[in-house]
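Please view the sequence and the model below before reading on.

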Amino acid sequence: MRILFIGTGDIGLPAFNALLAATQHHVVGVVTQPDRPAGRGNKLTASAIKQRALEAGIEVHQPLKIRNYVEALQALQPDIAVVIAYGQILSKAVLEVPRLGCLNVHASLLPLHRGAAPIQAAMLANNAETGVTIMHMDEGLDTGDVVLMDRLLLRPDHTGGLLHDELAALAPTSLLEALDLIAAGKATRTPQDNTNATHVGKLTREHGRLDWTRSAVELERLVRAYNPWPGTFTTLPEGAVLKVHTARVVPDAEVCPVAGTVVAASPKQGLLVATGHGILEITEVQAEGRKRLPARDFLAGHSLEVGARLGGEKTA
RNA sequence: CGCGGGAUAGAGCAGCCCGGUAGCUCGUCAGGCUCAUAACCUGGAGGUCAUUGGUUCAAAUCCAAUUCCCGCAA
């Protein structure tokens, strides 16, 4: 089939590569977000999808607003469009450009976790499993009829980044299978059960502020889910931000004082913090302007007194 | 030219403003102590202070340029 690939995020890269490699399909064009100033120095940066497309010699389109770009897309005469982590809402007119409509690859088991951050949401919800869903897009946000799903069990060692990569690696198989079914006219369309739907909005850094009144178990999960993005952090007694990269729950923790209190802080004991329920050991940190470090190394050069309070602004 | 911080022993940091013997915590090595320990005590090794140039009797420290690293913001 003639396929139009629409996507920006890295999560679509394996699927994109699979489409390029598939002999039964022909990628007729790529639509991705315009290059944006990014990184230190605000240099214009092209998405990985764009870079890969250019390598493969495929036409790249970067409309500011895809809804005003319908005619150019029609010119490509795609049979179907594949949309993964594009970053713009597709209007009805855009959705109707391809003869067979638009397929979306979504990184959750719909109708759970519709929206922008399904991977982190599945972890935070402590779901037993998550996966990828291939669906026909309609005008709603991740509400279209489902073609198929592939599942993945969540593990205690999963971080948001690791899960992201595993789901990205899972996507090509699911996508190709769905395309084959559609090409053969054997695809089924299962409407989503809207009564079970949940939504997640875009994540911001502020979502990563650790609220010490929550339990150590919840906080550990948050740290994992938000690693590497948007990351989690707390504030030191002086008010400086301290990023928290990894943490673990201290088993058999005794009853502790006020949430956010430093229970131990030395290169030998590590950095232990009282939470609303249980004790959390912060194992890897990063201070402003410094590199990420094991907490014990951090403590070798920074004094942090037992009894000090972290995250003062919020947990007061 | 978006804003800002940093580079000093194997690791993490102080010292720099106010030039003059290289310092702290940890690790490491040796010895000691203890029923025992992420325990404690004693002693040792380990550094062209990012690079290059300048100022000076003298530069980790002051000046200039370069390289690399990171935080914020997007």
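A pocket here is an open set of grid points, on a 1 Å grid over the protein atoms alone, with protein on both sides within 12 Å along at least five of seven lines. The model is predicted.

**Largest pocket**
- Its lining is made up of 48 residues, and Gly9, Ala85, Tyr86, Gly87 and Ala116 lie nearest the centre.
- Elements giving two or more residues to this lining are strands E6 (80–84), E7 (102–106) and E9 (129–136), with helices H5 (118–124) and H6 (160–183).
- Helix H6 gives the most, five residues.
- The lining has 27 nonpolar, 15 polar and six charged residues.

**Second largest pocket**
- Of the 15 residues lining the second largest pocket, Arg205, Pro230, Gly231, Thr232 and Lys243 lie nearest its centre.
- Strands E12 (232–235) and E13 (241–250) each supply at least two lining residues, and E13 gives the most, with four.
- Seven nonpolar, five polar and three charged residues form this lining.

**RNA strand B**
- RNA strand B is surrounded by 20 residues, the closest being Arg40, Arg205, Arg290, Lys291 and Asp297.
- Of the RNA strand B atoms within 4 Å of the protein, 56% belong to sugar and phosphate.
- Helix H8 supplies the largest share of the surface near RNA strand B, four residues.

Note on methods. Residues numbered from 1 in each chain as written. Chains lettered and ligands numbered in written order. Predicted model: local features only at pLDDT ≥ 70, side-chain atom pairs only at ≥ 80, totals over all residues. Heavy atoms only, no water. Near = heavy atom within 4 Å. 1 Å grid on protein atoms, 1.4 Å probe; cavity = no way out; pocket = protein on both sides within 12 Å on 5 of 7 lines; lining within 4 Å. Nonpolar A, V, L, I, M, F, W, Y, C, P; charged D, E, K, R; others polar.
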